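Trainee: I've got a model open and I'd like to learn how to read it. Can we go through it feature by feature?

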Amino acid sequence: MRALRSSVGLISAAFLSVGVLPALTPTGAEAQNPDVFSSDIRPIMERSCWGCHGEALQRSRLDLRTRDDALRGGRTGPAIVPGRADESLFYRMISGLEEPLMPRDGPALSDAEIAAVRAWIDGGAHWDDGPTVALAAGREDELPAGARETWAYQLPVQVALPVASPFEHPIDRFLEQTRREQGLTAAPRADRRTLLRRAYLDLIGMPPTPEQAAEFLDDSRPDVWERLIERLLASPHYGERWGRHWLDVARYADSDGFEQDYDRPNAWRYRDYVISAFNEDKPFDRFIEEQIAGDELDWATDETRIATGFLRAGPRVHFREKDNPERRYDYLDEIIATLGRGVLGLTVQCARCHNHKFDPILQTDYYRIATSIFGYVETEYPLLPPVEGAAYLATIADIDDRGRVLRDEVAAIEEPYREQLKLERIERDFPREVFVAVQKPESERSPGEKLLANQVLSLGVSRAAVARAMTPEDVASRQTLLDRLAAVEDERPERPPMADIVTDGDYRFTPDGPGDEIIGCPECRTPPDVPGSYLHEGSERYEVPASPFLRGGDPFNPGQVMSPGFVKVATYGDPPVAISRPDGRTSGRRLALAEWLTAEGNPLTARVQVNRIWYHHFGRGIVATLDNFGAVGDEPTHPELLDWLAVEFASNGWGVKDMHRLMMTSEAYQMASAFEDEANAENDPDNLDLWRFRIRRIEAEILRDAIMTSSGGIDLTVGGPSVFPYVPEEILSTQAHGRWDNQPDGPAVWRRSVYVYRRRSLVFPFFETFDLPDQGTTTATRNVSTVAPQALTLLNNPFVIGQADLFAKRLEEEAPNDVARQVDLAYQVALTRLPTEREGTIGHRLVTERSLVDLAHVMFNLNEFLYVR
């Protein structure tokens, strides 16, 4: 391909000599006219030049926006010598007469375009005075009329609180105003035991112990509820509960997914970062910044670099991207979908192939965001002090380079034998037409023959078969190289703790499709002179790889090079699209994206997050579609309340715990769920206006945690590598790939469920039964099904039966030989209340006629155990 492209200039010269150039070529006189630049040269500059040598970026210090800039040139001298195209680097590089061929990132210029540039330079290289942008602003880049009239794209405003209300709390004032308009009556406050259990399950995901319940119930101070909330927010288990909600959004898992489903041995560090961030009450704006640009922050630390695992948490196919170039854009697409749905509440990914069909999201918006992220690479980062980290990486790079040379020498010896064995097998085992197709030069094969040849030539030949076919001399030479390779590998130092991070790297785009990542990482403290550094030789700053607009979303149909940017309809003011980094090792584009997401001029992020918090407390979002604030999403039931909360959140430091305090101290949160009112049921049968508390089933992980908490067997250790609860071998045997270090059921795996290994291709069966969401895509709300396997699991699952036995032993130890006390204690532990008289009688009879284990097992099967009331 390079040779073919390099001949373009010669072809153009040949056309010129015989006078058969297309009409695009201006004459010498016309080239003196600036209008020629506007009609013939400017479109070339816009599409192929200004993306890398324009306003947003000046690669090699070359700016081509004006004639003076082009004459001044860049690092390698003037780009244009007016009147002498053959001496102009600009012409020589686009024509292939000099390396590197330009444009480096994008399709080659046509013969006619190259000839037009030559004639324009020979004619004096005159410029016009029009604007110089990489993407010409056209109708496809304009918002439709009235786009910002939709509520979601207007900046939130904190209106005055409703005054005609019996309530003091701001939330209750807004809700009561709507209830009165709808003729609704609010439910009374729930009893204290119900509130206690509700708060514990909401904030830490475990029921209170009888001792904790007694402490709360015996406290008569007026601020007992507020102090309970503070105690739960201070618990290390708070982050485990609320971090799990975010991990759904972040599509976190411990494996790659797809057929091979490779293990991600360092993924748990990101999970622990999330848990820690919630425990620390890290401001939500900083939480977002660290996950998108933790390597670019002025205060970047190991923790903030680990945070960038958010960007790479989605599923991946374990293939080299140069062999599967479309993967690069699939990964970008799922990152954009996660940012869009998870942070902005918009389906931005729907604009990959065309403008969004329902929302004012432009296709150019999609590719501007893609460009903000495009230079990212996924790499590992040693968790060592800087000097040690640099030394380790330098040693590894040296070993890898020496090993690569030796492997190439081994391959050179093996390859002729491998190819011969492959041909012999094709001739022996396949129809003759296949062998004939393989023997033909590729350029002479028909489309069908190309398909056949590609399929059979991919056949592997074992190293043992190659060794048997070798001459003794080649066997000896090969073994010498393998011995040297083993000696090199013996020098490899012990692997330190590593983190999976994202940083900027070099990712090239070629006319045939995207290129491959260059191995190396500036954020891993790789010195500039170590092979693999992303700072190119002679460069002082990181050069951002160009990101093209893809026509129809097709990686093999690139258009103009894009500049970074954001969703236009949600952008107010003129936020920066890149923030210069002092060390020059990253572009600052992801940092600018993160700052835009949490800027005062962004109308969506704060709304989306307070709506998410509201959903997890009240069972339904003010906007029911948590990840879609667009046209096909639901309208907010209380728009003024949503805006009031969003402004309160963002203007007071983005504190998630402050939002818990605000919501949980409202009367709305403390209402009873057991409240019947005929008028309410008629006027608002779906309880949209929150006239009573919504009953919610606890999630799969919280159900497992509640079972282990009740039995007393739970291990409350915080953080660390994932655990592998027992999965029946008949299930594991159905899949050939993926990791599951099966452990027998016991204390070693009775950790909180957030620490259970998340394998994409094999969901832990207990979790799958109780609606664990798809771990390959961002999830806003979990499905809640009611199906027979759930009841059967609670009745028959060996884990549940074992925990019931452990629970019974706990009851026997705490109330020996006292059945009545055991029954009371079973209800207090499992349900945070005493049994009714009838329940006590039934429980006593069950224990005496059957067993204490049966009573404990029944507690795990009660609806009340599975629901927040």
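This is a predicted model: local features need pLDDT of at least 70, side-chain atom pairs count only at pLDDT 80 or more; totals for chains, interfaces and linings use all residues.

Trainee: What is phi doing at R251?

Mentor: General idea: most residues other than glycine have a negative phi. R251 has a phi near 50°, a positive value in a residue other than glycine. F258 also has a positive phi, near 60°, and isn't glycine either. F258 is in the loop between helix 12 and helix 13. With 48% relative accessibility, F258 counts as partly exposed.

Trainee: Now the overall picture. How many helices and strands are there in the protein?

Mentor: The protein has 37 helices and 8 strands. Out of its 869 residues, 55% count as buried. Take the contacts between residues at least 6 apart in sequence: 71% of them join residues at least 24 apart.

Trainee: Which residues touch the most other members in the largest nonpolar core?

Mentor: The general idea is that nonpolar side chains tend to be buried together in soluble globular proteins. In this model the largest nonpolar core holds 168 residues, and W246, W614 and L645 touch the most other members. The element that gives the most to this core is helix 16 (residues 326-344), with 8 residues. Apart from that core lies another one, of 22 residues, including L62, I114, V117 and A125.

Trainee: What does W614 touch?

Mentor: Setting aside residues up to four places away in sequence, W614 touches I171, L175, G619, R620, G621, I622, L641, L645, M663 and L690.

Trainee: Where does R782 lie?

Mentor: R782 is in the loop between helix 31 (765-769) and helix 32. At 15% relative accessibility, R782 counts as buried. Leaving out neighbours within four places in sequence, R782 is in contact with R244, D248, Y615, E699, A700, E701, D771, L772 and P773. Take D248 from that list: R782 and D248 are 534 residues apart along the chain, and their C-alpha atoms are separated by 8.9 Å.

Trainee: On to helix pairs. At what angle do helix 32 and helix 36 pack?

Mentor: In general, two packed helices are described by the angle between their axes and the distance between the axes. Helix 32 (residues 788-796) and helix 36 (residues 852-861) pack at about 155°, with their axes 9 Å apart. The cut-off for roughly antiparallel is over 145 degrees, so helix 32 is roughly antiparallel to helix 36. Helix 32 passes helix 36 in a right-handed crossing. A791, L794 and L795 of helix 32 make the contact with H857, F860 and N861 of helix 36. By class, that contact has 4 nonpolar, 2 polar and no charged residues.

Trainee: And which residues make the contact between helix 14 and helix 23?

Mentor: Geometry before residues. Helix 14 (residues 284-293) and helix 23 (residues 589-597) pack at an angle of about 155°, their axes 9 Å apart, which makes helix 14 roughly antiparallel to helix 23. From helix 14 the contact uses I288, E289, I292 and A293, and from helix 23 it uses R590, L591, L593, A594, E595 and L597. By class, there are 7 nonpolar, no polar and 3 charged residues in the contact of helix 14 with helix 23.

Trainee: One more pair: at roughly what angle do the axes of helix 33 and helix 34 cross?

Mentor: Helix 33 (residues 798-814) and helix 34 (residues 819-831) have axes that cross at roughly 125° and come within 10 Å. Helix 33 and helix 34 are therefore oblique to each other. Their crossing is right-handed.

How values were computed: Residues are numbered from 1 along each chain as its sequence is written. Side-chain values use heavy atoms; hydrogens and water are left out. A nonpolar core is a set of buried Ala, Val, Leu, Ile, Met, Phe, Trp, Tyr and Cys residues joined through side-chain atoms within 4.5 Å. Buried means under 20% relative accessible area, exposed over 50%, partly exposed in between (1.4 Å probe, protein chains only). Helices (H or I, at least four residues) and strands (E, at least two) are DSSP runs, numbered from the N terminus. Contact means heavy atoms within 4.5 Å. Axes are lines fitted to C-alpha atoms, for helices over the stretch in contact, and angles run from 0 to 180 degrees between N-to-C directions. Angles under 35 degrees count as roughly parallel, over 145 as roughly antiparallel, 65 to 115 as roughly perpendicular and the rest as oblique. A crossing is left-handed if the near helix is turned anticlockwise from the far one by less than a right angle, and right-handed if clockwise. Ala, Val, Leu, Ile, Met, Phe, Trp, Tyr, Cys and Pro count as nonpolar, Asp, Glu, Lys and Arg as charged, and the others, Gly among them, as polar.
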